[in-house]
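Please keep the sequence and the model in view while reading.

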Amino acid sequence: MKRREFLIQSALLALFNNSFSNILKAENKKKHKKSKQIKKIIHSTNNTIPVIGMGTWLTFDVGHNTRKILEKIKVLEIFFNSGGILIDSSPMYGTSERVIGKCLSNITKEISLFSATKVWTPNTWHGVKQLENSEKLWKVKNLELVQVHNLVNYESHLENLFQFKQEGRIKYVGVTTSHGSRHEKTRAVMEKYDIDFVQFTYNIIDREVENYLLPLAKERKISVIANRPFQGGNLFNLVKDKKLPSWATEFSINTWAEFFLKYIISNDAITCAIPATSRPNHMEQNMQAMYGHYPDKELRKMMAQHIKAL
Ligand SMILES: NC(=O)c1ccc[n+]([C@@H]2O[C@H](COP(=O)([O-])OP(=O)(O)OC[C@H]3O[C@@H](n4cnc5c(N)ncnc54)[C@H](OP(=O)(O)O)[C@@H]3O)[C@@H](O)[C@H]2O)c1
């Protein structure tokens, strides 16, 4: 075959592959719309929860900037319209809790909200104040889940939080860590206390928790929230200018966001992942991970190997 013919044939083949992949993606979107939302069980109550929630670190810390607040309202509308309910925040996240409250009071549609926030202070009395303040900022009477952020002063805070749970002031108690830190301490807390939730970092690259924290959560029936699902956004840099493998589209995965999130939520010890975004179009993509094909063990292995080989 002459070079010119070869080039024409290659271009036609690429064109065919491209349009075939676009057709598949459009078909997948239709299938997603029709498919059931993927939910998991919260072990301590047997209630179910959608597998994608939303983080608010940095993305909702926008102060009084009206343009940015309007954009956050849009992000939240897409989140709720797509079936999301869990929002994670913390007094550590600057103005995020205040912005959440402001946005929520601007959403006219009736919504289901699972409010998850944290206490983050070395002082026990201040932890109680933070909780009261969070209720005011979120404009909710009863917070669903309160977590001890990064295990700071966890013994005293947990004592108070269990008391609040008993009184019906909050529904669930948890602890958090991230970036692969404090795993030994987290393990000790999971073994000692009857916490409802634990939150730590888990994504397709940071998989250390697969060794013992995830199996322990399963054994102790503790529900797990995966933070930094995109490694703070780094995962998108890794796949920048790279196409999704064709087998991913065949398994109804349309975007890298969906690829990364589906890997996380298909681990059976994971209850939900909390990606953070400041953009409505990214929220649309992220929420797609709650629909369509649920990866099995073999597909998860292919996904992890693919990313490792990049
Ligand atoms: N110790 C703790 O308790 C702890 C620690 C860390 C995190 N967390 C929680 O976990 C949440 C998530 O972690 P994170 O915020 O660190 O990082 P992340 O969710 O892994 O990544 C967020 C980054 O990904 C980008 N992104 C989101 N969706 C995207 C999409 N579809 N396409 C391209 N880029 C996208 C965002 O940029 P755009 O804004 O441009 O979309 C943002 O820069 C936090 O917000 C927080 O609630 C808790």
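Eight strands form an open sheet in the order β3-β4-β5-β6-β7-β8-β9-β10, with parallel pairing. Its edge strands are β3 (54-55) and β10 (272-273), each of which pairs on one side only. Strands are DSSP runs of E of at least two residues, helices are runs of H or I of at least four residues, and both are numbered from the N terminus. Two strands pair if DSSP finds at least two bridges between them.

The model is predicted: local features need pLDDT of at least 70, side-chain atom pairs count only at pLDDT 80 or more, and totals for chains, interfaces and linings use all residues. Residues are numbered from 1 along each chain as its sequence is written.

**The chain as a whole**

The chain has 12 helices and 10 strands. Its C-alpha atoms fill a box of roughly 80 × 45 × 30 Å, taken along the principal axes.

Of the 310 residues, 39% count as buried. A residue is buried if 20 or more other C-beta atoms lie within 10 Å of its own, exposed if 12 or fewer do, and partly exposed in between, with C-beta atoms placed from the backbone. Among the contacts in the chain with a separation of 6 or more, 79% are between residues 24 or more positions apart. Two residues are in contact if their C-beta atoms, placed from the backbone, lie within 7 Å.

Strands β6 and β7 pair in the parallel sense over four bridges, and the bridge partner of V148 in β7 is V175. Strand β7 (residues 172-176) is joined in turn to β8 by three bridges, and these two strands run parallel. Here T176 stands opposite Q199 in β8. The chain passes from β7 through helix α6 (residues 183-192) to β8 in a right-handed β-α-β crossover. A crossover is right-handed if, with the strands pointing away from the viewer, the path from the first strand over the helix to the second runs clockwise.

Strand β8 (residues 197-201) is largely enclosed by the rest of the structure, because five of its five residues are buried. It pairs with strand β9 (residues 223-227) in the parallel sense over five bridges, and V198 stands opposite V224 in β9. Helix α7 (residues 213-220) carries the chain from β8 to β9, and this β-α-β crossover is right-handed.

Strand β9 is also mostly covered, with five of its five residues buried. In a regular strand the side chains alternate between the two faces of the sheet. In β9 both faces are covered: S223, I225 and N227 are buried on one side, and V224 and A226 on the other. Strands β9 and β10 pair in the parallel sense over two bridges, with I225 opposite C272 in β10.

**Helix α3 and its surroundings**

In helix α3 (residues 96-105), the buried residues are S96, E97, R98, V99, I100 and C103. These residues pack against α2 (66-81), β4 (86-88), β5 (114-119) and α4 (124-138).

N153 lies in the loop between β6 (145-148) and α5 (154-166). Its phi is near 55 degrees, a positive value in a residue other than glycine. N153 counts as partly exposed because it has 18 C-beta neighbours inside 10 Å. S252, in the loop between α9 (246-250) and α10 (256-265), has a positive phi as well, near 60 degrees. With 21 other C-beta atoms within 10 Å, S252 is buried.

V140 lies in the loop between α4 and β6. It counts as partly exposed, with 16 C-beta neighbours inside 10 Å. Leaving aside neighbours within four places in sequence, V140 is in contact with S115 and E135.

**Around the ligand**

Which residues come nearest to the ligand? Of the 29 residues around it, these are G55, S178, N227, G233 and A276. A residue is near a molecule if its C-beta atom, placed from the backbone, lies within 6 Å of it. Helix α11 (residues 280-287) gives the most to this shell, with three residues. The shell divides into eight nonpolar, 18 polar and three charged residues. Ala, Val, Leu, Ile, Met, Phe, Trp, Tyr, Cys and Pro count as nonpolar, Asp, Glu, Lys and Arg as charged, and the others, Gly among them, as polar.
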